[in-house]
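Open your viewer and get ready to select a few residues. We will go from stop to stop, with a note on what to look for at each.

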Amino acid sequence: MEINANFTENAKNDFHLVVRAREGDQKAYADLMQRYKDSIYFMVLKMVNNKEDAMDLTVETFAKAFEKLEKYQPEYAFSTWLFRVATNNCIDFIRKKKLNTTSIHGMMDDDGDEQPLQIKSDGLNPEETSIKKQQTEELKQLIDSLPPRYRNLIVLRYFDELSYEEIAQQLDLPLGTVKAQLFRGRYLLGNILNRVKKNDI
């Protein structure tokens, strides 16, 4: 994999981090996230105009980017590729939100029967599945080091994919408490990633 000769120093540094991340170096993942989490968040916030959605979409962007890291080609800077992943993720989110607010008649066929949504399968080959499973396990280990109330919320939100309302109902908590504690849990998880990064230096 050859690096683009026109890359800036920052782009070259990112490329080397990507290579290390592909080899399973957790510090490289943490470094890449640390470099771009704020700029991704603010870009996403401009697109969706909601802080909670922007935080969720930022987390999703990095999750998707790291899952697809093998597909990144250094023809473009990693930052360009990452922002494209973030933009596409936002567009998908906005589309789905519009679908959810569409009149129910728009989801019916000509006979008045409910029309199922056709979702394209994003199948992984066995090697990609293995890598994804390993990354998920490593992330779970980091999440396990959180205080129980935050850990449970993050698992329900990002692994079980429950909505804020479903989490509030399941844990018998006010909706505002769920949102505030999830925000705090994500902040603590970010600090853990930073500590991992520093300890590996």
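Predicted model: local features only at pLDDT ≥ 70, side-chain atom pairs only at ≥ 80, totals over all residues.

Residues are numbered from 1 along each chain as its sequence is written, and side-chain values use heavy atoms, leaving out hydrogens and water.

**Loops.** Select Asn49, in the loop between helix H2 (26-48) and helix H3 (51-67); helices are DSSP runs of H or I with at least four residues, numbered from the N terminus. Its phi is near 55°, positive in a residue other than glycine. Asn49 is exposed, at 68% relative accessible area (exposed means over 50%, buried under 20%, with a 1.4 Å probe and protein chains only). Next, pick Asp172, between helix H7 (164-171) and helix H8 (175-199). Asp172 also has a positive phi, about 55°, and is exposed at 70%.

**Rings.** How many aromatic pairs are there? The count is 7, with Phe, Tyr and Trp (six-membered ring) pairing if their centres lie within 6.5 Å; planes under 30 degrees apart are stacked, over 60 edge-to-face, the rest tilted. Show Tyr41 and Phe42: with centres 5.2 Å apart and planes at 70°, they are edge-to-face. Then show Tyr72 and Trp81, a tilted pair at 5.4 Å and 55°. Tyr72 is buried at 0%, and Trp81 is buried at 13%.

**Charges over rings.** Finish with Arg84, whose charged end sits over the ring of Tyr76, 5.3 Å from its centre (NZ of Lys or CZ of Arg within 6 Å of the ring centre and within 35 degrees of the ring normal). Arg157 lies over the face of Tyr164, at 4.2 Å from the ring centre.

Technical notes:
Helix = DSSP H or I, 4+ residues; strand = E, 2+ residues; numbered from the N terminus.
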